Amino acid sequence: MTARIYYHARRESAPSGSHNRAPLAFHQTLEGYAPTPLLDAPEIARVLGVGSVLLKMESQRLGLPAFKILGASWAIHRVLETRAASLPRPTALVTATDGNHGRAVAHLALRLGMAARIYVPAHTAQARIDAIAGEGAKVEVVDGTYDEAVTRAAQDASEHCLVISDTSWPGYEEVPRWVMEGYSTIFWEIDDELGRRNERGPDLVAVQTGVGALAAAVVQHYRLTKRDPQPAIVNVEPLRAACMLAAMEAGEIVNVPGPHDSIMAGLNCGRASVVAWPIVSQGVDAFIAVDDDRAREAMRLLGDASVIAGETGAAGLAGLLELLTGVERENNRAALRVNEKTRVLVLITEGATNPKSYAEIVTP
């Protein structure tokens with residue numbers, strides 16, 4: 001197995017931005033809302049050599065098998081709210097996706113009585129395409145990468161067609177910022193559940209990253225709310241699509257050329273979001289890129305603990321397996337101050353969104 005690691009020697013404690021419970025209050029009004037489970041995983045803690053592992057289960061969220069609907073719903077709500085007084089109500093939503101975000105946008109369009117057009121990169125699993133189409137959306141396959149699908153989706157923007165993207169580029173930043181804000185619900189729920197249990201928060205948080213929106217939400221929550229000590233944050237990406245790690249090495253956003261063909265499909269992104277980048281680059285302690293074998297190992301380990309997680313959903317744990325059990329484990333544990341008492345938070349961001357692939361990996 002191979003990996004790349006970048007440690008952020010000058011991490012800042014308080015990145016710019018605001019942080020509040022408004023997205024959580026909105027999500028609580030949605031039909032079917034309930035906090036997702038926060039599970040203890042002692043078997044995984046033993047493998048990692050830490051005190052405890054908490055799994056935040058985003059494999060079922062508001063009727064979908066991933067967390068993405070939190071960001072999409074809040075962003076759509078905010079767009080419609082700001083347009084209400086001066087612009088006609090849009091009739092269609094459009095986005096690019098590797099799977100979960102596009103399905104969330106399609107699902108919400110159906111709820112709102114709008115059309116949806118979803119662009120996906122070449123080689124997207126048929127199961128993910130079928131799931132998006134099953135929400136009533138028109139799905140178009142772009143002969144290229146996720147980033148090229150993003151470019152194609154942006155061309156559809158009009159007065160009557162809203163682009164609801166979870167990545168950003170110069171001139172398109174407001175909606176992705178709202179998407180990022182929507183993910184904060186995950187972490188307020190964690191705080192509230194730990195408060196009910198009278199337990200302290202995590203010492204280490206692992207977050208899987210595509211364009212960086214979820215990682216930015218992690219940073220904002222754990223750096224902008226008062227915590228002593230603040231947890232270390234680890235950013236996990238696929239080796240062949242490590243756009244955040246590459247940006248950290250370069251000191252600026254760069255393009256990571258394709259093919260972006262990791263089984264961690266939701267993370268196959270070649271360019272970091274311009275909204276997420278300043279936040280992630282300030283607040284994350286370590287960036288690690290792992291190969292697909294680590295993702296498979298993480299999926300099997302979670303399966304042994306009766307937790308179903310797809311390739312992207314298991315990616316945070318994949319990064320921790322490399323960091324804390326790999327060949328450089330002693331150096332990594334020292335750098336992150338990990339010991340036998342460390343409390344670790346792992347985000348399980350999706351279920352088995354490609355059932356055939358999941359069965360092939362997890363079934364003995």
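**Burial, cavities and backbone**

In this predicted model, helix α13 (residues 315–325) has 10 of its 11 residues buried, so the helix is largely enclosed by the rest of the structure.

Q: How much space lies in the largest cavity?
A: The structure holds one cavity of 30 Å³ or more. The space in the largest cavity is about 300 Å³.

Q: Of the residues that line the largest cavity, which are the closest to its centre?
A: The lining of the largest cavity is made up of nine nonpolar, 11 polar and five charged residues. Its 25 residues include a set closest to the centre: F67, K68, D166, G266 and L267.

Q: Which elements give two or more residues to the lining of the largest cavity?
A: The lining has 25 residues. The elements that supply two or more of these residues are α4 (100–112) and α9 (213–224).

Q: Which helix gives the most to the lining of the largest pocket?
A: The largest pocket has a volume of about 460 Å³. Its lining has 22 residues, and the closest to the centre are H123, D261, S262, A265 and N268. By class, the lining divides into eight nonpolar, nine polar and five charged residues. With three residues, the element that gives the most is helix α15 (residues 355–362).

Q: Which residues lie nearest the centre of the second largest pocket?
A: About 350 Å³ of space lies in the second largest pocket. Its lining divides into seven nonpolar, three polar and four charged residues. Of the 14 residues that line the second largest pocket, those nearest its centre are A232, D285, A335, L336 and R337.

Q: How many residues apart in sequence are the parts that the pair of F26 and W74 ties together?
A: The count of aromatic pairs comes to five. F26 and W74 form a tilted one, at 5.7 Å centre to centre and 55 degrees between the planes. Both F26 and W74 are buried. F26 lies in helix α1 (residues 22–27) and W74 in helix α3 (residues 69–83), so the distance in sequence between the parts tied together is 48 residues.

Q: Is the pair of W169 and Y172 stacked or edge-to-face?
A: Planes under 30 degrees apart count as stacked, and those over 60 as edge-to-face. The ring centres of W169 and Y172 are 4.4 Å apart and their planes are at 15 degrees, so the pair is stacked.

Q: Is W169 buried or partly exposed?
A: A residue is buried under 20% relative accessible area, and exposed over 50%. Y172, at 14% relative accessibility, counts as buried. W169 has 23% relative accessibility and therefore counts as partly exposed.

Q: Which residues is F187 in contact with, leaving aside its neighbours within four places in sequence?
A: The largest nonpolar core has 87 residues, and I164 and F187 touch the most other members. Leaving aside neighbours within four places in sequence, the contacts of F187 are L214, A217, V218, H221, Y222 and L347.

Q: What is omega at the cis peptide bond that joins G258 and P259?
A: P259 is placed in the loop between α10 (243–250) and α11 (276–283). For the cis bond from G258 to P259, omega is about 5 degrees.

Q: What is the relative accessible area of H123?
A: H123 lies in the loop between β5 (115–121) and α5 (126–133). Phi of H123 is near 75 degrees, a positive value in a residue other than glycine. H123 is exposed, because exposed means over 50% and its relative accessible area is 83%.

Q: What value is phi of N198 near?
A: N198 lies in the loop between α8 (184–197) and β8 (204–208). At 72% relative accessibility, N198 counts as exposed. N198 is a residue other than glycine with a positive phi, near 60 degrees.

Technical notes
Residues numbered from 1 in each chain as written. Predicted model: local features only at pLDDT ≥ 70, side-chain atom pairs only at ≥ 80, totals over all residues. Heavy atoms only, no water. 1 Å grid on protein atoms, 1.4 Å probe; cavity = no way out; pocket = protein on both sides within 12 Å on 5 of 7 lines; lining within 4 Å. Points joined across faces, edges and corners; volume = space filled by probe spheres on them. Helix = DSSP H or I, 4+ residues; strand = E, 2+ residues; numbered from the N terminus. Nonpolar A, V, L, I, M, F, W, Y, C, P; charged D, E, K, R; others polar. Phe/Tyr/Trp six-rings, centres within 6.5 Å; stacked < 30°, edge-to-face > 60°. Buried < 20%, exposed > 50% of the residue type's maximum accessible area, 1.4 Å probe, protein only. Core = buried A, V, L, I, M, F, W, Y, C linked by side-chain atoms within 4.5 Å. Contact = heavy atoms within 4.5 Å.
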